[in-house]
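Biologist: Can you walk me through this model? I have some quick questions.

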Amino acid sequence: MQIIQTKQQYICYNPELLTETPEMAFSSEFWQQQNKIIGSAQGRGTTWFVQGEKLAMALRHYRRGGLFGKLVADSYLFSGWDKTRSVAEFSLLNHLIAHQVNVPKPVAARVVRLGWFRYQADILVEKIANSRDLVGILGQETLSQQVWFDVGAMIKRMHDAGVCHTDLNCHNILLDDHKTVWIIDFDKCYRLEGANWQEKNLARLHRSFIKEQGKRGILFNEDNWQWLLQGYQGQWQ
């Protein structure tokens, strides 16, 4: 990892993945001028998918949600570079990769100071090729028992790495065209010790399946959930 730091800006990046000028790489206008924008997705803001020289990436500007987000859309209290949203997520993704969890490679993170007390943040991560989230897939087809086992096993690997995914839901679990399981969106996630939080994390995921079953009619049932739990518990091996 390399770092570019001034009084007002901090950028950490992987030079093996980002060969473009780091200071420019967080601007959607930069990628547009290069004709390298390959797509976008809408959430709290726009996530831009861009084609770098080394790999395709997702560029995201951190924004708040909820009522408070309408008042303070995209700035946060500053208490140190390493505690900022983008740098924390960059570090957590590297930790997960070291523990063989399938997550996007972190490419670069940026923090820009706004005076003494606030900051804005951006991150560039790998775009998982040829992938769809479970909601999109289950809206069209069922998944095999083996895939459900694999989903559970990957979540277990994440938990064994001591990471609590604070927004673990079926939108944040992807399958690529090889049916490999990926977990994404680690903003505000963190490491925990002990063993009293994993069940709540799984319960959150279960509620998201039930919600999408009612909302979109996804092809999910309780047998699927039991298969996922068997994969989590290693009972399928």
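Modeller: Here is a short tour of helices, a pocket and some single residues.

Modeller: This is a predicted model: local features need pLDDT of at least 70, side-chain atom pairs count only at pLDDT 80 or more, and totals for chains, interfaces and linings use all residues. Residues are numbered from 1 along each chain as its sequence is written, and side-chain values use heavy atoms, with hydrogens and water left out.

Biologist: Start with α7. What span should its 12 residues have, and how far apart are its end C-alpha atoms?

Modeller: Helix α7 covers residues 222–233 and should span 16 Å at 1.5 Å a residue; its end C-alpha atoms are 16 Å apart, which agrees. The expected span is 1.5 Å times one less than the number of residues. Helices (H or I, at least four residues) and strands (E, at least two) are DSSP runs, numbered from the N terminus.

Biologist: Which residues of α7 are buried?

Modeller: Asn224, Trp225, Leu228, Leu229, Gly231 and Tyr232. They sit on the same side of α7, because they cover an arc of only 160° around the axis. That arc is taken from the directions from the helix axis to the C-beta atoms. Buried means under 20% relative accessible area, exposed over 50%, partly exposed in between (1.4 Å probe, protein chains only).

Biologist: What do those buried residues pack against?

Modeller: Against α5 (145–160) and α6 (198–216). Contact here means heavy atoms within 4.5 Å.

Biologist: And the ends of α7? Which residue caps the N-terminal one?

Modeller: Asn221 caps that end, with a side-chain oxygen 3.0 Å from the backbone nitrogen of Asp223. Just after α7, Gly234 has a positive phi of about 75°.

Biologist: On to α5. Which residues are buried there?

Modeller: Val147, Trp148, Phe149, Val151, Gly152, Met154, Ile155, Met158 and His159. The 16 residues of α5 should span 22 Å at 1.5 Å a residue, and the end C-alpha atoms are 23 Å apart, which agrees.

Biologist: What does Gly152 touch beyond its sequence neighbours?

Modeller: Leaving aside neighbours within four places in sequence, Gly152 contacts Leu228, Gly231 and Tyr232. Its relative accessible area is 0%, so Gly152 is buried.

Biologist: Now α6. Is Glu212 buried or exposed?

Modeller: Glu212 is in helix α6. It counts as buried, because its relative accessibility is 5%.

Biologist: Which side chain does Glu212 pair with?

Modeller: Arg216, through a polar contact of 2.3 Å between the side chains. A polar contact is a pair of N or O atoms within 3.5 Å; within protein, one must be able to donate a hydrogen and the other to accept it, and residues adjacent in sequence count only if both atoms are side-chain atoms. Outside four places in sequence, Glu212 is in contact with Val135, Cys170, His171, Gly217 and Ile218.

Biologist: What about Gln198? What does that touch?

Modeller: Gln198 also lies in α6. Not counting residues up to four places away in sequence, Gln198 touches His159 and Tyr232. Gln198 is buried, with a relative accessible area of 14%.

Biologist: Switching topic. What volume does the largest pocket have?

Modeller: About 970 Å³. Of the 33 residues lining the largest pocket, the closest to its centre are Thr47, Arg60, Asn172, Ile184 and Asp185. A pocket is an open set of points on a 1 Å grid over the protein atoms alone, where a 1.4 Å probe fits, with protein on both sides within 12 Å along at least five of seven lines; lining residues have an atom within 4 Å of a point.

Biologist: Which elements supply at least two residues each to that lining?

Modeller: They include β3 (37–42), β4 (46–51), β5 (56–61), α3 (85–98) and β8 (118–126).

Biologist: Last one. Where is Asn130, and what is its phi?

Modeller: Asn130 is in the loop between β8 and β9 (131–133). Its phi is near 50°, a positive value in a residue other than glycine. Asn130 counts as exposed, at 56% relative accessibility.

Definitions and conventions: Grid points are joined across faces, edges and corners, and a volume is the space filled by probe spheres set on the points.
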